[in-house]
Every structure is written in structure tokens, then in C-alpha cells.
Amino acid sequence: MRALKAMAASSGWRKLFTRRISSSSFDPPPLVHSRRVVVTGMGLVTPLGCGVETTWKRLVDGACGIRGLTLEDLKMNGFDAETQAHSFDQLTSKVAAIVPTGTNLGEFNEDLWLNSKEHRSIARFIGYALCAADEALRDANWMPTEAEHKERTGVSVGGGIGSISDILDAAQLICEKRLRRLSPFFIPRILINMAAGHVSMKYGFQGPNHAAVTACATGAHSLGDATRMIQFGDSDVMVAGGTESSIDALSIAGFCRSRALSTKYNSSPEEASRPFDCGRDGFVIGEGSGILVLEELEHAKNRGAKIYAEVRGYGMSGDAYHITQPHTDGRGAILAMTSALRQSGLHPHQVDYVNAHATSTPLGDSIEANAIRNVFSEHATSGSLALSSTKGAIGHLLGAAGAVEAIFSILAIHHGVAPLTLNLSKPDPLFIDAFMPLTASKEMNIRAALSNSFGFGGTNASLLFTSPP
């Protein structure tokens, strides 16, 4: 009897409690006023060289970072010579855009970033991110020591694939029945978010720690997401960008099997990546990293930071169509670009330069070109809009591409130079009259630049940058 009374009392209390809860709701969350975001630092590791100054000079001068593949590039040291040679022969594409290494100025120093005892958990794609982040932070003069500043600084660095070469080596241990020899650092070396993690740990940044993985749109999404974090108030400073190192036998073989890579120019590597050209036959796989320091405007002004540009728009969309191919109507690209424009408050005719995603594939380049013409209309067809794809010089950096090309767009604003499209000797027939990609770098006043990035799975991102406020 006592138990029944207790249950009844309990039931009555729950009903009373429920009525009280339902009769009074929480107040709305505090209003968040969007904050302006600017770029105060940049760092690059690319096939054209290590460092922003080296890469930019070679880019606008028309240099090319693409060369022929060698056996050593495939990273198959755990396999016998016969297997290595056979694998190399099986690859239909034998060109790649590879970061130059060495100890000279403009080269990636492997001893500094990869080979020390402390770096056993650092795969190449992580090392590239650390190198580019170091340059960006020094450029921004942002090396905080106070806890408050570290807590308000975050990291958003993504990658497209991670370290496939480590996975290949681990699989070989299974074949050789030596799995107990697997490195305890295997998992930390292949996790894509470890690039952001290592940057965060090296500098003690305790703000948001984020890693986007959206194939070839990763770098752009990482920057856009970081911008939103600052706008929303999650941080005051973000170290953001993308990184990639997938020049290995398995990655190249996979892209070859999907018929995505260039195969016609194995004997003339520097001609292989030719965005918008009639002779294009696929992209050239590349590697590297692009890292930016993004900062809330007032925070940057208060500390007297150098400001390169403002992030004014970030547009995203999905094709919802095919795992690798965009829809022929280019609707996904159009949605991303128009969304970035709408967010920026700019009219299409106010954009001076577009850095196209154009990877040198027959279908993708033409669809994007038509989408750009659709969005910019007479501004594009009149020749007022400068257009180029910089992948002719550096190949396709996959998860790093969006960040590296965002930096190129910012540098175009900063230096007043729109970089050329390399190897454009016979433009696609869709380009007529004044609507034509640049075949030479052009000095011009650039106040607003748009950078496109599109990825497998139908993911699209557009970033719009303007001159400093």
C-alpha cells in the first residue's frame, strides 16, 4: 500500500513538474552580431616552391612546377625492386606536381619538418601544414604567449586524403606476416585532423580545433568555416587552410583507374595541365599546403596588424548528381558563386578577378566556364572580368587546392596582378570574343576576387575576397 501511495505521489509530482516546465520556455539565445574577418598572414608550400614570395614570383612569371614521375616518388621503399618497377609501369599517368625539397631558399627542408626524432608521428601532409603555418604566423606577427590570446586562437586545417603511403606500408606488413612491427604512430600519421592538431599543439592554440574533409573543396571549406567561427564569436584569430601529400603509388593508381588524370603528356610533363585548352585530358596530381591567418577586423586593427584582404563571401552548395562529375547545367557552381556574392553585398560587376577551379578535365572546365558566364553575364563577356586557372602551373593540389588558390586570389588583390593560365594554346570553343582566360599575367586594379573549389561527391565552395577595409 505504501508503495502504491509513493508511486502516485511521484506521478503527481512529475505531472506538476511537467506543467511548470511546459508553461515557461527559455528566453531566446543572445543575438550574435556578425563580425568582419580579414587576412593578416599567409604561408605556402607548393610545387613552385616553399614560401609565398617564391611561389608567387614563379607563378606570375609563367613557371611550371610539374615534372615526370620517378620510382622514388611512389614511396614504395618497403617493396622489392621488381614490385616497384612493375607498379610504375602499370601507371598510365606519369606526371606530377611535386614540392621541391632541399636546404636552399624556396625548398621544403625535410630535415627540419619531417626527419627529426620528435617528428615520428608527422606524415608529409602534416609537415607541409606545419611549414606553411609557421610562415603564415610569422607573416601575421601572431605568436601569442598569454593564455587569454591562446584561448581565442583556433585552427581549421583540413586535407582530402591523408597519408595513403603509410597505409600502403602497413598493408605490406600484413602480407609479410610482420604486423607486430607496425609503428605505434601509424594511426596518428594517417588521421587527417592531425594536421590541425599538430599546429594547435605546437603553438598552444586552445580555440576551435577543426578539420574539414570535402575532397578538392577542403581548403576552401576550411577557410570558410574558420571565417564563420570568427564571425560567430568562437574565436578572434583562426589559422586556417588545407594540406595534401598524395604522390604515391596507390593514390595515383586510384585516380588513373577513375580516368581522372592526364595521360597524353607523359613525355612533356610541363604541358600536361592545361585548363580550358582543347588539348586537356585530365588533371595532374599535386601536393602542398596553403595556410592563412584570419582575424577579426577590430582585433587586427588594435594590434596594428598588416591586412591583406577581407573575407566578404563564403558560398556553398551540393550538386546532388554524381560521385565525380558535375551536372552539365553547372547549377552547383552557380549556387556557390551567387551565395558568396549575396553574402558579400557585392554586385557581380564589382568582381575583378575569378580564380577558377578548372582542373584541366574535359567536362569540368567547360561546365565551370559556362557557370561563370551565367553568373557574371555581360561583365564576363565584355572582357571586364579577368579569369584564369592557376592549376596549369601547380597541378591539382586536391585538399590543399582551395587554400592555395585563395592565397593566389588575395595576392592578386594585394599586388594588382591577375596570374595567367599556363598552356592555353587553343582555348575551348565556348570562349568567344572578350570572354577568354588570361594567357599572360595582367597588371590591373583588383578590388574583389572570387576563388572556386569543387570536389568529388558534388561539394562546392566559393570564397570572395576584397581589398582591405
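How do the residues of the lining of the largest pocket divide into nonpolar, polar and charged? They divide into twelve nonpolar, 15 polar and six charged. Here Ala, Val, Leu, Ile, Met, Phe, Trp, Tyr, Cys and Pro count as nonpolar, Asp, Glu, Lys and Arg as charged, and the others, including Gly, as polar.

This is a predicted model, where local features need pLDDT of at least 70 and side-chain atom pairs count only at pLDDT 80 or more, while totals for chains, interfaces and linings use all residues. Residues are numbered from 1 along each chain as its sequence is written, and side-chain values use heavy atoms, leaving out hydrogens and water.

A pocket is an open set of points on a 1 Å grid over the protein atoms alone, where a 1.4 Å probe fits, with protein on both sides within 12 Å along at least five of seven lines; lining residues have an atom within 4 Å of a point.

The largest pocket has 33 lining residues, and Thr324, Gln325, Pro326, Thr361 and Phe456 lie nearest its centre. Two or more lining residues come from each of helix H13 (331-344), helix H14 (362-381) and strand E14 (448-455). H14 gives the largest share, six residues. Helices (H or I, at least four residues) and strands (E, at least two) are DSSP runs, numbered from the N terminus.

Now the second largest pocket. Its lining has 21 residues, with Lys75, Arg124, Ser165, Asp166 and Arg189 nearest the centre. H7 supplies the largest share of that lining, four residues.
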